[in-house]
Amino acid sequence: MKDSSRPRNEITRRQFIGTSALAGAALLSPWSLPRSFAADAPATTRTATDQVTLGKTGIKLSRLGFGLGSNNGRIQLANGKDAFVDLVHYAYDNGITYLDTAESYVTYGVIADAIKGLPREKLYIQSKMERPSDDALAAIDRHRKAFNTDYIDSLLVHCQTSGLWTDNWKQTMDAFDEAKSRKWIRAKGVSCHTLPALRAGVASDWTEVHLVRVNPQGHHMDGIKPEPWDKTAHADVSPVMAQIKEMKSKGRGVIGMKILGNGDFKNPDDREKSIRFAMGCKDIDAVVIGFQTTAEIDEAIERMNRALAEG
């Protein structure tokens with residue numbers, strides 16, 4: 001990333017609140033209180049914008065991520081490039097440092113403009129490769145060049161449906177390992193669209209990060225058969241949750257997607273139910289949601305904060 005300074009002269013509201021909070025915290029630090037008072041200090045409340053650790057990778061990201069692939073990113077770009085850039089900056093100003101894209105999304109080509117001026121070291125950028133490549137290192141390098149950055153925080157093989165994907169992608173997976181040794185990527189993993197593919201990813205020692213479809217309604221969740229794209233279809237969530245538990249037991253990074261049912265949860269009660277479900281699962285490190293407006297960002301943060309505070 002060539003430009004790591006933000007071209008803004010005014011302190012943002014979030015920065016002001018954060019700075020004030022830190023100053024107040026310093027004055028009221030348990031280290032400066034009498035021992036009896038420090039022992040009674042309440043535990044810190046978890047929030048949507050906490051910086052959490054992704055499994056055993058050691059990588060930090062915001063608990064809530066901004067998915068840039070709703071309808072392959074067309075929803076994010078529906079109001080034009082400038083509005084998209086503003087939305088990414090709004091998300092960042094409100095604590096969302098995790099951006100999720102893929103080479104098949106139309107947002108892929110404007111990520112560099114969207115993150116220009118943001119401090120690269122504070123961002124977590126996850127991208128995905130759509131298909132195996134005979135020259136996978138060159139394909140991986142294209143991600144870095146597209147985003148005008150030296151590295152990708154995590155790169156995934158995308159949308160796997162076969163239980164044999166670890167065989168079919170072997171050459172490309174080896175290139176991921178090489179790219180990681182060159183520090184082009186920090187972590188590697190997979191997103192899946194069937195239960196057999198999900199199980200194969202969990203069984204493979206190669207996988208470090210899992211992007212998993214999860215909601216309590218079982219909407220667009222992984223089943224035995226390939227995704228039918230039937231909006232009325234609902235899967236049994238228990239096999240996926242069992243795999244998530246195994247991922248966590250192996251130290252994998254676990255990110256939940258389709259939290260809002262691929263955008264189909266128009267009823268606020270469905271959104272509330274799903275967010276509470278995800279926040280109540282201690283095996284999920286972070287979640288990613290696609291946004292089109294600032295109001296949607298505000299709502300997701302509010303619902304997550306409430307669920308975390310009450311959970």
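M129 stands opposite V157 in β6, and four bridges join strand β5 (residues 124-129) to strand β6 (residues 152-160) in a parallel arrangement; two strands are said to pair if DSSP finds at least two bridges between them. This is a predicted model, in which local features need pLDDT of at least 70 and side-chain atom pairs count only at pLDDT 80 or more, whereas totals for chains, interfaces and linings use all residues. Residues are numbered from 1 along each chain as its sequence is written, and side-chain values use heavy atoms, with hydrogens and water left out.

**Barrel and strand pairing**
- Eight strands close into a barrel with parallel pairing, in the order β3-β4-β5-β6-β7-β8-β9-β10, and the twist averages 25° from one strand to the next.
- Strands (E, at least two residues) and helices (H or I, at least four) are DSSP runs numbered from the N terminus.
- Strand β3 (residues 64-67) is covered on both faces, with L64 and F66 buried on one side and G65 and G67 buried on the other, where buried means under 20% relative accessible area (1.4 Å probe, protein chains only).
- β3 pairs in the parallel sense with strand β10 (residues 286-290) over four bridges, and G67 has G290 as its bridge partner in β10.
- Three bridges join β3 to strand β4 (residues 98-100), again in parallel, and the bridge partner of G67 in β4 is D100.

**Helices across the strands**
- Helix α5 (residues 136-147) lies across β5, β6 and β7 (185-192) and runs at about 140° to β5; axes are lines fitted to C-alpha atoms, for helices over the stretch in contact, and angles run from 0 to 180 degrees between N-to-C directions.
- Helix α9 (residues 238-249) lies across β8 (209-213) and β9 (253-257), running at about 165° to β8.

**Nonpolar cores**
- The largest nonpolar core has 70 residues, and those with the most contacts inside it are L64, F66, I140, W165 and I244; such a core is a set of buried Ala, Val, Leu, Ile, Met, Phe, Trp, Tyr and Cys residues joined through side-chain atoms within 4.5 Å.
- Another core, of 14 residues, lies apart from the largest one and has Y124, A187, V209 and V288 among its members.

**Around N168**
- N168 lies in helix α6 (residues 165-168) and, leaving aside its neighbours within four places in sequence, is in contact (heavy atoms within 4.5 Å) with P132 and S162.
- N168 and P132 are 36 residues apart in sequence, yet 7.8 Å apart in space, C-alpha to C-alpha.

Methods: Buried < 20%, exposed > 50% of the residue type's maximum accessible area, 1.4 Å probe, protein only.
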